[in-house]
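User: Could you walk me through the charged side-chain contacts here?

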Amino acid sequence: MPRSTGTVVAALTAAALGCVGFLAYQASATAPERPSHAQHAGDSKGKSKSKDQGKHGKRKSTALPGDSGSGLRVVYALEDRRVWLVGADEQPTRTFEVHPSSASPAPGTYEVTSRRQSTVGSDGVKVEHVVVFHTEEGVVFGFSAAIDGSTPDPNATKKTGGIRESREDASAMWDFAQVGTRVVVIA
């Protein structure tokens, strides 16, 4: 005896919902705990809505640090692993998290010395939107995005100075940080 069309449709719908539910579960189980994303400083007036935690359990703030110089500049906070792009009007235009390599520049004020649309990083990874601001003892320090989206190994034995950004953030950095732009590195 043939089955009714309604029964077949109900069975197929139940199977589809089961598959979608299973795939959603798999995606949530393998997704990062908190996806990395850029926060535009103007969206929250520099106040943090993030629940990021610093080294000592303190809440990380996305507000521009007070000891970060003045004028148009890039501010890189080593401990917070965060960058701010600050306009000449002292207002941050963008802030975002970064991923440092195995070496970090000493706190101080530097200038963007060169830029390169794309190249291979010192760790062998293809990178784009490279903004270099310091070289010390053969280690080149600069911001870039890995084309494959990877982040550097901070525990690598080879000293590398790449500071990785998302591709979207690297594009914003590329547009903002021309040769001669100050880069202020703070602890």
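Analyst: Happy to! Buried means under 20% relative accessible area, exposed means over 50%, and partly exposed is in between, using a 1.4 Å probe and protein chains only. This is a predicted model, where local features need pLDDT of at least 70 and side-chain atom pairs count only at pLDDT 80 or more, while totals for chains, interfaces and linings use all residues. Residues are numbered from 1 along each chain as its sequence is written, and side-chain values use heavy atoms, with hydrogens and water left out.

User: Is Glu90 buried, partly exposed or exposed?

Analyst: Glu90 pairs with Arg73 in a salt bridge, N to O 3.3 Å (a side-chain nitrogen of Lys or Arg within 4 Å of a carboxyl oxygen of Asp or Glu). Arg73 has 1% relative accessibility and so counts as buried. Glu90 has 31%, so the class is partly exposed.

User: How many residues apart in sequence are the parts that Glu168 and Arg94 tie together?

Analyst: The side chains of Glu168 and Arg94 form a salt bridge at 3.2 Å, N to O. Glu168 belongs to helix 3 (residues 167-176) and Arg94 to strand 3, so the parts tied together are separated in sequence by 74 residues. Helices (H or I, at least four residues) and strands (E, at least two) are DSSP runs, numbered from the N terminus.

User: Which residue forms a salt bridge with Arg164?

Analyst: Arg164 is buried, because its relative accessible area is 3%. The closest N and O atoms are 3.0 Å apart, and the partner is Asp123.
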